[in-house]
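Trainee: I have a model open and would like to learn how to read it. Could you take me through it step by step?

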Amino acid sequence: MKKSAIRSADFHPAESNGAVPHDSAFGQAEADVYEAILAEEPSTGEMELADRNSLRRVSGLSTELADITEVEYRRLRLERVVLVGVWTEGDAQHAEDSLAELGRLAETAGSEVLEGLVQRRDRPDPSTYVGSGKVRELREVVVATGADTVICDGELSPGQLRQLEDKLKVKVIDRTALILDIFAQHASSKEGKAQVELAQLQYLLPRLRGWGEAMSRQAGGRAGGASGGVGTRGPGETKLETDRRRIHKRISKLRKEIAAMRTVRGTKRGRREANAVPGVAIAGYTNAGKSSLLNALTGAGVLVEDALFATLDPTTRRADTPDGRPHTLTDTVGFVRHLPHQLVEAFRSTLEEVTGADLLVHVVDGAEQAPHEQVAAVREVLTEIAEDHGAPVPPELLVVNKIDSVAPTRMAELRRLLPGAVFVSAHSGEGVEALREIIADRLPRPEVFVDALVPYTRGELVARVHSEGELVDEEHTAEGTRLRAKVRSDLASALKPFVGAG
Ligand SMILES: Nc1nc2c(ncn2[C@@H]2O[C@H](COP(=O)(O)OP(=O)(O)OP(=O)(O)O)[C@@H](O)[C@H]2O)c(=O)[nH]1
Ligand SMILES: [Mg+2]
């Protein structure tokens with residue numbers, strides 16, 4: 001597994017400030033307890049209780065929310081991580097690719113990847129995700145590497161997370177939480193932030209119970225051994241109820257806010273549609289080079305970064321086809337395997353930019369090992385959104401990017417894997433001109449022929465024919481401008497009063 005440089009500025013070893021988890025905003029780690037656990041490896045049933053009582057609460061994971069709004073800025077503060085995946089189908093290569101991607105996601109979130117392990121199983125273990133033997137092995141790796149976090153390549157149930165954490169004694173998070181964390185770090189617009197927070201809270205809600213139990217158990221332990229038994233409402237649980245209510249309230253508030261922002265976005269899009277300017281959405285796997293391609297096509301200065309999910313807010317640019325027809329190009333949020341469904345829901349309004357487009361430019365990174373798998377993952381999410389939206393997926397143009405870093409021998413293979421694709425390099429510009437022509441070709445064309453005499457008082461209609469339609473000829477007469485052109489239906493109806501007037 002590739003190692004990234006340790007981000008020393010961000011590196012906080014387990015803090016030992018004696019903070020009681022209940023009082024700390026996000027459960028400060030209790031380093032002294034942790035040291036004690038490291039010193040002895042408990043294995044017997046007798047040890048188990050002590051073991052559980054000394055569970056290390058890790059910063060960022062605790063559901064203790066001092067202030068719900070902090071979720072927005074919540075960072076998992078991942079540091080030194082060990083990755084683990086369960087491989088249930090496909091071949092070993094597939095499992096390793098998925099883990100390598102998890103590693104890149106972890107690095108994007110700012111952590112150092114120390115080790116990666118995969119296990120072949122028919123299905124993940126219902127209680128600990130990996131099998132019990134593997135848990136022990138994993139614990140050894142955690143101790144040997146000094147990792148403070150284990151990231152699992154899947155979405156774990158609240159119970160699985162808790163049990164693994166109990167056994168590994170370090171923070172355990174899953175792919176979903178990791179992706180949510182990256183989105184939280186990258187969201188910059190008001191809408192993006194609200195969407196991420198909504199997704200995080202939805203993820204958090206079902207997980208409150210388990211952690212709440214652990215917390216009340218701990219509280220009971222501290223109170224002198226009178227641990228809150230079954231049915232006892234410990235302080236943790238009371239707090240839990242309050243937290244849950246506050247989260248529910250916050251969720252409905254966010255939903256309302258997002259709906260309002262969606263209306264604004266819809267209005268903007270509606271205006272574009274009313275202007276009959278066809279829209280192209282650039283979609284695709286994260287890091288495929290969507291923003292780079294938008295820049296190459298339009299000269300827009302959109303942020304390009306070798307990071308996953310650099311773009312969270314759609315950027316729309318106007319452009320003209322080589323034959324002068326205006327259209328819009330929208331850069332969109334990238335997709336990834338197992339995109340958390342909470343995010344798909346929260347980002348619906350953003351993703352609607354994609355399903356509402358006239359043409360989908362689906363960008364895929366040609367330098368990837370298995371680009372066709374990324375293509376499949378993207379199509380899966382698109383279908384899901386389109387179904388939700390009750391609209392068909394727009395016609396797709398597959399574009400293979402980064403051909404500057406593809407070996408010539410590999411090109412033939414790519415053509416076979418991705419039939420019908422256009423090959424480009426946003427960097428070298430190769431193929432970009434051809435892509436422009438193909439996009440122009442696939443855009444809906446004005447289909448209604450009009451022959452109208454537009455009075456000089458209605459100059460704006462003439463201007464629209466110039467910018468949106470295809471002019472056949474134009475003549476300035478005493479009564480007005482005589483236009484013969486092909487236009488889209490909405491403009492044709494606006495011109496109707498003047499048709500046949502000459
Ligand atoms: N070699 C090569 N690298 C490219 C090309 N296009 C983009 N890249 C690199 O790929 C990385 C990702 O590019 P972006 O344009 O940010 O990709 P994106 O699809 O917008 O990514 P997200 O917004 O994070 O989903 C950057 O490091 C780019 O420099 C290309 O044609 N060739
Ligand atoms: Mg981007």
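Mentor: Gladly, starting with a pair of strands: E11 and strand E13 (residues 481–487) run antiparallel and are joined by seven bridges. Helices (H or I, at least four residues) and strands (E, at least two) are DSSP runs, numbered from the N terminus, and two strands pair if DSSP finds at least two bridges between them. Within this pair, Ala-452 stands opposite Leu-483 in E13.

Trainee: What is the order of the strands in that sheet?

Mentor: The sheet is open, with three strands in the order E11-E13-E12 and antiparallel pairing. Strand E11 (448–454) and strand E12 (470–476) are at the edges; each has a single partner strand, so one side of each has no neighbour in the sheet. On average, neighbouring strands here are turned by 10 degrees against each other, direction ignored. For angles, axes are lines fitted to C-alpha atoms, for helices over the stretch in contact, and values run from 0 to 180 degrees between N-to-C directions.

Trainee: Which helix lies across E11, E12 and E13?

Mentor: That is helix H16 (residues 459–468), which runs at about 35 degrees to E13. Contact means that the C-beta atoms of two residues, placed from the backbone, lie within 7 Å.

Trainee: Before going on, what should I know about the model itself?

Mentor: This is a predicted model, where local features need pLDDT of at least 70 and side-chain atom pairs count only at pLDDT 80 or more, while totals for chains, interfaces and linings use all residues. Residues are numbered from 1 along each chain as its sequence is written, with chains lettered from A and ligands numbered from 1 in the order in which they are written.

Trainee: How many residues score at least 70 in pLDDT, as a percentage?

Mentor: pLDDT is the predictor's confidence in each residue, from 0 to 100; 72% of the residues score at least 70, and the chain averages 75. Where pLDDT is low, the predicted coordinates should not be read in detail. For the complex, the predictor gives an ipTM of 0.98 and a pTM of 0.67.

Trainee: Is Thr-149 buried or exposed, and why?

Mentor: A residue is buried if 20 or more other C-beta atoms lie within 10 Å of its own, exposed if 12 or fewer, and partly exposed in between. Thr-149 is buried because it has 25 C-beta neighbours inside 10 Å. Thr-149 belongs to strand E3 (residues 149–152) and stands opposite Lys-171 in E4. E3 and E4 pair in the parallel sense over four bridges. The chain goes from E3 through helix H5 (residues 158–168) to E4 in a right-handed β-α-β crossover, meaning that, with the strands pointing away from the viewer, the path from the first strand over the helix to the second runs clockwise. Strand E4 (residues 171–174) is covered on both faces, with Lys-171 and Ile-173 buried on one side and Val-172 and Asp-174 buried on the other.

Trainee: Where does UniProt place the feature "binding site"?

Mentor: The unreviewed UniProt entry places it at Ser-291 and Thr-311; such annotations may be inferred rather than shown by experiment. Ser-291 is in helix H10 (residues 290–298) and is buried, with 24 other C-beta atoms within 10 Å.
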